[in-house]
Amino acid sequence: MNGGSRNNEDSKAEEGEGSGGWASTFLKIAGAVAATAAVASTIYNVAKQAEAGAAPFGGQQPLHNHHYHQEEVILKVDGSLLRGSNSAGCGGFLSSASEKWICGFAQRLNPDLREDETEKESIFRGLVWVKEKGKKKVVVKTDNRGIENLVNSGRRCNDSVICEIRDLLNSDEWEASLSWISGVENAVADRLAHKAHSQISYDLEEIKDPPQNCLMHLK
């Protein structure tokens, strides 16, 4: 092999290496661009899912406190005891935050209860009634200041109904509180509690429309 032939072969080899190096560089750049595009697409899709409230990974929804997205309702309750008739009952009604009637209830109780016990029963049974309706924010109002103070004091108490009321108010399933109002402000609940005396059954009666004797006390 002469010198001219060797020079030609070396020249071709160099051209081949040059072409191979360029192709390799091109593939690397193309791969990097594709990877960047894939990452950007993933980030975009995750962001869109988050906006829509969808779970981005694993099918698990992000945790939200849905209590804050529901309208607050007000529950006014009262107990009633007719000593001469040996009859006890409780009642109350649910209203919007602007105190517009939603619905009410009345329930006959054990006639052996004391007056303050009918008041406790009205709070307890009212809370259970509202909770079963799926409400998530409720303010309960009673005109019995002593019971309101006892419930909210947090003091140790052996009264089973008081303990049950506290358990309901402190449940993680909703936001609930108990506050005091005057008897005048609680006139509708008082009338509903008196309605319970005419019931035959001891089951809770739900009242869709306000009784006639309550209308003048409603907003």
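Where is the place of N86? N86 sits in the loop between β1 (73-82) and β2 (87-96).

## Basis of the model

This is a predicted model, in which local features need pLDDT of at least 70, side-chain atom pairs count only at pLDDT 80 or more, and totals for chains, interfaces and linings use all residues. Residues are numbered from 1 along each chain as its sequence is written, and side-chain values use heavy atoms, with hydrogens and water left out.

## Loop residues with positive phi

Most residues other than glycine have a negative phi. N86 is not a glycine, yet has a positive phi of about 50 degrees. Its relative accessible area is 48%, so N86 is partly exposed (buried means under 20% relative accessible area, exposed over 50%, partly exposed in between, with a 1.4 Å probe and protein chains only). E99, also not a glycine, has a positive phi of about 65 degrees; E99 is placed in the loop between β2 and β3. Helices (H or I, at least four residues) and strands (E, at least two) are DSSP runs, numbered from the N terminus.

## Helix α3

Helix α3 covers residues 145-153, and its buried residues are I147, E148 and V151. Seen down the axis of α3, these fall within an arc of 100 degrees, so they line one face of the helix; the arc is that of the directions from the helix axis to the C-beta atoms. The cover over the buried residues of α3 includes α2 (115-132), β4 (137-142), α4 (160-169) and β5 (175-180), where contact means heavy atoms within 4.5 Å.

At the start of α3, a side-chain oxygen of N144 comes to within 3.2 Å of the backbone nitrogen of G146. Just after α3, G154 has a positive phi of about 80 degrees.

## Aromatic pairs

The structure holds 2 aromatic pairs. Rings of Phe, Tyr and Trp (its six-membered ring) pair if their centres lie within 6.5 Å; planes under 30 degrees apart count as stacked, over 60 as edge-to-face and the rest as tilted. F93 and W101 form a stacked pair, at 5.6 Å centre to centre with 10 degrees between the planes. F93 is buried at a relative accessible area of 5%, and W101 is buried at 18%.

F105 and W129 form a tilted pair, at 5.0 Å centre to centre with 50 degrees between the planes. This pair links distant parts of the chain: F105 is in strand β3 (residues 101-109) and W129 in helix α2, 24 residues apart. F105 is buried at 0% relative accessibility, and W129 is buried at 5%.

Technical notes: A polar contact is a pair of N or O atoms within 3.5 Å; within protein, one must be able to donate a hydrogen and the other to accept it, and residues adjacent in sequence count only if both atoms are side-chain atoms.
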